[in-house]
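Please read the report below alongside the sequence and the three-dimensional model.

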Amino acid sequence: MKLQDFHAWSINDREGFWREQATLIHWHKPFERVLDDTRPPFARWFVGGETNLCYNAIDRHLPARADQPALIWESTETGQARTCSFRELHREVMRMAAIMQSLGVRRGDRVVIYMPMIPEAVFAMYACARIGAVHSVVFGGFAAHSLASRIEDAAPRLVVSADGGSRGGKVVPYKAALDEAIARSAHKPAHVLLVDRGLAPLPRVPGRDVDYATLREGLLDAEVPVTWLESNSPAYTLYTSGTTGRPKGVQRDVGGYAVALAASMKYIYCGKAGETFFSGSDIGWVVGHSYVVYAPLLAGMATLLHEGTPVHPHAGILWELVERHRVSLMFSAPTAIRILRKHDHALLRRHDTSSLRTLFLAGEPLDEPTARWITEGLGVPVIDNYWQTETGWPILSVAHGVEPTPTRLGSPGMPMYGYDVRLLDIETGREVGPGEKGVVTIRPPLPPGCLQTLWGDDARFVSTYFGNFPDQLVYSTFDWGIRDADGYTFILGRTDDVINVAGHRLGTREIEEALIGHPAVAECSVVGVADALKGQVAVAFVVLRDASLALRADARQALEQALLATVDRGLGAVARPARIVPVPALPKTRSGKILRRTIQALCEGRDPGDLSTIEDPAVLEAIRGALAPADKAVQA
Ligand code: AMP
């Protein structure tokens with residue numbers, strides 16, 4: 001079938017289309033209705049059907065492939081490796097599930113998982129899925145403040161964590177940040193389950209903290225039956241940044257998500273049972289959830305879990321892993337490839353990557369030079385995917401499992417089946433024509449796999465995503481897009497203040513709040529500035545309470561270090577601004593709104609445009625002056 005016809009079928013006959021896709025997974029009890037969208041924009045998929053993500057990803061494969069690899073773990077940081085067959089993974093997940101049950105975790109309870117890339121993190125996610133607990137994985141790079149706000153919102157009964165991880169050869173301790181986060185949070189989990197890797201200090205709070213290895217020893221033969229869940233039960237929440245400082249708990253269901261992932265493995269990724277899928281994402285991000293943990297196993301593939309960076313211990317390590325594990329499909333981010341591009345092709349050619357069929361890239365715009373470089377280097381198709389934490393699987397791409405379609409450099413591709421994508425004029429809400437810029441929107445109902453709501457806040461879900469165009473209930477991605485005459489869509493950047501650093505979504509507001517927490521800062525504004533390697537970096541403009549500090553080089557340097565440390569402690573190094581620029585004042589409109597886009601334009605050396613609303617134009621000159629001496633540092 002042609003991709004366009006396939007897409008048209010999915011939109012014009014949603015029920016027929018998704019009824020057929022639902023056969024890709026096992027249903028313990030058949031659903032009564034494919035779709036209930038009587039309360040738009042809420043969509044309930046496969047209503048009344050009962051299934052389980054863990055069963056579909058693990059148990060279902062036991063008769064045919066119990067001894068085939070399911071989870072292949074490599075830490076290129078510590079030199080450890082472990083492969084679990086489907087049978088072994090099944091066992092470990094039941095042990096973990098039994099531990100959780102012994103700690104009082106029941107169906108519907110939340111479990112926060114704050115862990116490095118180790119097998120136990122995957123066991124914990126699947127254990128939750130098995131018993132109907134709702135996991136909420138928090139990226140290990142987030143620090144106490146970010147973790148505390150997530151613990152408070154999710155109100156978990158249990159937190160699963162470890163002593164530490166390792167990144168680029170350096171130990172990253174987890175426990176101190178976790179203890180600080182729990183101290184800050186109004187909600188206190190009943191227990192903290194700890195995996196001790198022997199990497200970092202692991203102080204224990206008596207009564208609350210329990211040891212994974214000890215509990216596991218007592219439950220080696222535990223049998224934990226699957227809890228069958230109605231399709232619309234929450235499977236997990238995953239927090240993501242928005243324009244406010246309060247993160248949003250994206251909530252996903254069980255049945256719709258399982259069907260969407262299974263369908264994406266068939267049509268978009270073309271994965272075959274018995275093969276190996278390697279996605280480099282951390283499990284704390286949505287790609288980690290969908291394409292490290294769940295989708296490969298749903299398709300009967302092995303998944304490669306990698307603790308490490310693309311350049312440690314050497315810049316050919318990813319290709320070494322591809323060779324060693326005969327990886328068929330790989331999923332990475334443009335930033336990783338840009339980092340590797342700084343090294344030469346010889347590193348790539350040193351390894352036999354002939355097992356690789358396709359490389360998928362996602363999370364940020366894929367620039368043409370990077371796409372060309374890696375396509376030539378690998379000699380296999382490189383496919384861009386555009387999607388979001390909220391959608392769980394690609395909105396725009398090409399679907400070679402439906403019809404081989406040429407890709408177009410700079411465009412992630414076409415709307416995927418199930419997504420009724422419209423580009424709308426931001427002012428009038430009318431659809432724009434080919435070649436015209438508009439906001440990328442999706443007409444509800446959102447397809448299976450997309451967020452059901454925001455955790456505990458239906459009203460915020462509706463107002464945030466569906467309240468942006470008068471008289472129209474459409475989902476806004478908050479991205480600008482443009483479509484060419486052949487239907488290829490190009491993504492031009494965000495319409496809001498969210499920035500994308502190395503594929504990680506950060507809210508500038510959160511970084512501002514962290515900086516404002518420092519007593520020396522009176523006011524600040526954080527903007528995303530184009531960067532050759534990371535796509536964007538955060539640059540912070542701070543107005544100091546004592547402006548004289550900025551005049552003395554030593555005091556200024558010490559202050560900058562202190563401010564960076566404040567962000568590290570609060571949010572994590574991932575959010576650290578590339579530069580702190582002290583300024584006498586921030587440019588504002590007469591009504592007091594900070595002109596972020598003007599600051600951003602100055603940082604990127606662009607024309608700041610219409611300045612008629614600015615209260616004091618002299619402020620811009622001061623910013624220009626402050627930027628001038630180190631202009632190059634921002635671009636470096
Ligand atoms: P996240 O939810 O953190 O994955 O961030 C989603 C955002 O990343 C999107 O709204 C886009 O701004 C950006 N993004 C993701 N994938 C792509 C892509 N393939 N091309 C351009 N931008 C992308």
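Ala502 is found in the loop that runs between strand 28 (498-501) and strand 29 (504-507), where helices (H or I, at least four residues) and strands (E, at least two) are DSSP runs numbered from the N terminus. The phi angle of Ala502 is near 50 degrees, a positive value in a residue other than glycine. Ala502 has a relative accessible area of 21% and is therefore partly exposed, given that buried means under 20% relative accessible area, exposed means over 50%, and partly exposed lies in between (1.4 Å probe, protein chains only).

Cys270 also has a positive phi, near 55 degrees, and is likewise not a glycine. Cys270 lies in the loop between helix 10 and strand 16 (276-279), and its relative accessible area of 24% makes it partly exposed.

## How the model is described

This is a predicted model, in which local features need pLDDT of at least 70 and side-chain atom pairs count only at pLDDT 80 or more, whereas totals for chains, interfaces and linings use all residues. Residues are numbered from 1 along each chain as its sequence is written, and side-chain values use heavy atoms, with hydrogens and water left out.

## Two cis peptide bonds

The peptide bond from Pro40 to Pro41 is cis, with omega near 5 degrees, and Pro41 is placed in the loop between strand 1 and strand 2. Another cis peptide bond joins Pro444 and Pro445, with omega about 0 degrees, and Pro445 is in the loop between strand 24 (437-442) and strand 25.

## Buried residues and their contacts

Helix 2 (residues 14-21) has as its buried residues Arg14, Gly16, Phe17, Trp18 and Gln21, and what covers them includes helix 1 (3-12), strand 1 (33-36), strand 2 (44-47) and helix 10 (255-267). Trp18, which lies in helix 2, is buried because its relative accessible area is 0%. Leaving aside neighbours within four places in sequence, Trp18 is in contact (heavy atoms within 4.5 Å) with residues including Val34, Trp45, Val259, Trp393 and Pro448. The C-alpha atoms of Trp18 and Gly79, which are 61 residues apart along the chain, are separated by 44 Å.

Met301 lies in the loop between helix 11 (286-298) and strand 17 (302-307), and at 0% relative accessibility Met301 counts as buried. Met301 and Gly274 are 27 residues apart in sequence and 5.0 Å apart in space, C-alpha to C-alpha. Not counting residues up to four places away in sequence, Met301 touches Gly274 and others, among them Ala70, Phe86, Met265, Phe277 and Leu329.

Thr453 lies in strand 25 (residues 453-454) and is buried, with a relative accessible area of 7%. The side chains of Thr453 and Asp458 are joined by a polar contact of 2.6 Å; such a contact is a pair of N or O atoms within 3.5 Å, and within protein one must be able to donate a hydrogen and the other to accept it, while residues adjacent in sequence count only if both atoms are side-chain atoms. Beyond the residues up to four places away in sequence, Thr453 touches Phe42, Gly249, Val250, Gln251, Asp458 and Phe461.

## Around the ligand

The ligand is surrounded by 14 residues, of which the closest are Asn385, Thr389, Asp479, Arg494 and Arg505, a residue being near if one of its heavy atoms lies within 4 Å. A polar side-chain atom of Thr389 lies 2.6 Å from an oxygen atom of the ligand, and a polar side-chain atom of Asp384 lies 2.8 Å from a nitrogen atom of the ligand. A backbone N or O atom of Gly363 lies 3.1 Å from a nitrogen atom of the ligand. The protein covers 94% of the 500 Å² of accessible area that the ligand has on its own, with areas taken from the Shrake-Rupley method with a 1.4 Å probe and, for residues, only the protein chains shown counted as cover.

## The whole protein

The protein has 21 helices and 32 strands, and 61% of its 636 residues count as buried. Along its principal axes the C-alpha trace spans about 75 × 60 × 55 Å. Among the contacts with a separation of 6 or more, 70% are accounted for by residues 24 or more positions apart.
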